[in-house]
Amino acid sequence: MTLDIAHYPTLALADTPEQLKKLPKEKLQQLAAELRQYLLTSVSQSSGHFASGLGTVELTVALHYVYNTPFDRLLWDVGHQAYPHKILTGRREKMPTIRKKNGLHPFPWPGESEYDTFAVGHSSTSISAALGMAVAADKEGLGRKTVAVIGDGAITAGMAFEALNHGGDIGKDLLVVLNDNDMSISENVGALNSHLARLLTGNVFTSIRDRSKKLLSNVPPIKEFASRAEEHIKGMVVPGTIFEELGFSYIGPIDGHDVNGVVDTLANMRNIKGPQILHVVTQKGKGFELAEQDPIKFHAVPKFDPTAQDLPKAPPSDPTFSAVFGDWLCDMAAKDKNLMAVTPAMREGSGMVRFSQTYPEQYFDVAIAEQHAVTFAAGLAKEGLNAVVAIYSTFLQRAYDQLIHDVALQDLPVLFAIDRAGLVGADGPTHQGAFDIPFLRCIPNMVIMAPSDENECRQMLYTGHKLNKPAAVRYPRGSATGVTPQDTMTCMDIGKSRVIQTGKKIAILNFGILLPFAEQAAQVLGASVIDMRFVKPLDTEIIDTLASDHELFVSIEDGAILGGAGSAVAEYLMSSKHNTKLIQLGLPDEFIMQGTQQEMYTELGLDSQGIINRVNAFYA
């Protein structure tokens, strides 16, 4: 799929920032209009992140117009909003490949382009990285500028404030652009977001505006002056106070969709010394009415018809594991008034919408604050409440110290419902849930469960909830296997596996969702198949039994091999002096790029044929 650039005559003249700078300023509004339409058409035909990019079109044009990128460093926080940046930095023709195997990376990626100055994917890292670059620029002495673009959702994270506090203290030249669109993936929450939201609705501004209209409505020149004064006061009174106390000069808010106004402001600020905040107000989904009305729904989209009134309905499929978790959460809350569910800004992704509406007093969205989420849950548990933390595998990495120090060390009964464990597909290496088994397995007091189907997931969640110690249930992204969960919830025997089929010589030890591949391979190999279910504690009894009449074990998991479930098997075989050989299948010691889950299972040898090939190679 390619788009005819002839339909975008101004955009055709701006394939790179160097070309963009040659355009007269009066052409920028037309460029922005064509860029937005190109983005709309491209993503509708290829799928991808959508609403965020529509909101940053004018800002992206202005930044590349004013700054000398890539010599000047431009950092995008998270990267959902960086599609216009990719289009203007020489990758326009490759946009149809974004998020696909061997295609454009879903987020800024330095290996892809020199204009992508820092790899991102997780929120709230841009200011810290930009500050480091600003220190390097100062040491270099060549006049290099550094700009970080961060959303009002991302700036609620503690890491962003740590960076602001440090940046204001050391006083290096750094511009932080606060892209205020009142939206992260879920609705923004928290005191800072409320503080910014009051900017345009507070009593001071309302009073000034209303009095101005009444007293000066018939005096056009004074009315014009009052309007300007109102905008100036909006920038001075409320939001700037926070940032100025941290040592940043604050300017704004300005209209982020007035491309010429943003260019003028950036040009005026470019040579100002010291740390600065530019507050830019934008609209997520700008220019596409459906996305403007529902930016959460249009955050990331499948292929769709822009002339239709809605996104296409997905074909019927089995429920996702996220939905299984959401249903369990509601069922459990109906029985347990002490259940408290915590999420770091992932209500929709973690399947918690119905729970948040049905049990609002038991639901806590702590914003993009994974560290706080875990220790907050520890506080709940310490006082006798039953805490459940719903979190993506890749985001749990951000709260590792809290997991060890605040939960496991005190042996507190916090249940971690770990979504997006294993390969996630199109979001690529920043979001693959590759490392949760290794980093959890080495922590004392942890119980780690890996369901192979929906019913196991439900029963494991119940087991972990009733366990009275730290527990984790890890499950993958996407549709489950088609097994209908039982309404009845029963605690499982801790550390006990189940035998799926009995064979000879070879035993496949499955940990998690890859069980269908293990069963298919076993049919060809005549192998035994064990659904291990528990990574920790490991079912050593079944290993002892199998080792007596099997000569080869094959462990399979959708996580990192190093330190993973297969490593647990290897450690036990070594310590127990069994002579059984072991093949460990899982994710190799590298970061896995984007591609569909099935494509990556095949490429990494985790599907049935991959298992068969590895066993045959062992005997060759």
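Predicted model: local features only at pLDDT ≥ 70, side-chain atom pairs only at ≥ 80, totals over all residues.
Residues are numbered from 1 along each chain as its sequence is written, and side-chain values use heavy atoms, with hydrogens and water left out.

Let us begin with a sheet. Helices (H or I, at least four residues) and strands (E, at least two) are DSSP runs numbered from the N terminus. Two strands pair if DSSP finds at least two bridges between them. Here, 5 strands make an open sheet with parallel pairing, in the order E2-E3-E4-E6-E5. Strand E2 (73–76) and strand E5 (249–255) stand at the edges with a single partner strand each, so one side of each has no neighbour in the sheet. From one strand to the next, the twist averages 20°; for such angles, axes are lines fitted to C-alpha atoms, for helices over the stretch in contact, and angles run from 0 to 180 degrees between N-to-C directions.

Look now at E2 and its partner strand E3 (residues 146–151): 4 bridges join the two in the parallel sense, and Arg73 stands opposite Thr146 in E3. Helix H4 (residues 57–66) packs on this sheet, where it touches E2, E3 and strand E4 (174–180), and its direction makes about 160° with that of E2. Contact here means heavy atoms within 4.5 Å.

Within helix H4 you will find Thr60. Thr60 has 0% relative accessibility and therefore counts as buried. The term means under 20% relative accessible area, while exposed is over 50% and partly exposed is in between (1.4 Å probe, protein chains only). Leaving aside residues up to four places away in sequence, Thr60 touches Trp76, Pro84, His85 and Leu88.

Next, move along to strand E13. Strand E11 (residues 414–419) runs parallel to E13, joined to it by 4 bridges, and Ala417 stands opposite Val473 in E13. Strand E12 (residues 447–449) also pairs with E13 in the parallel sense, over 3 bridges, with Met449 opposite Val473. Between E12 and E13 the chain passes through helix H20 (residues 454–465), and this β-α-β crossover is right-handed: with the strands pointing away from the viewer, the path from the first strand over the helix to the second runs clockwise. In a regular strand the side chains alternate between the two faces of the sheet. In E13 both faces are covered, with Ala471 and Val473 buried on one side and Ala472 and Arg474 buried on the other.

Finally, turn to the aromatic rings. Rings of Phe, Tyr and Trp (its six-membered ring) pair if their centres lie within 6.5 Å; planes under 30 degrees apart count as stacked, over 60 as edge-to-face and the rest as tilted. By this rule there are 19 aromatic pairs. The rings of Phe321 and Tyr475 have centres 6.2 Å apart and planes at 25°, so this pair is stacked. Phe321 lies in helix H14 (residues 321–335) and Tyr475 in the loop between strand E13 (471–474) and strand E14 (498–501), so the pair ties together parts that are 154 residues apart in sequence. Phe321 is buried, at 0% relative accessibility, and so is Tyr475, at 1%. The rings of Phe355 and Tyr363 have centres 6.4 Å apart and planes at 70°, so they are edge-to-face; both residues are buried.
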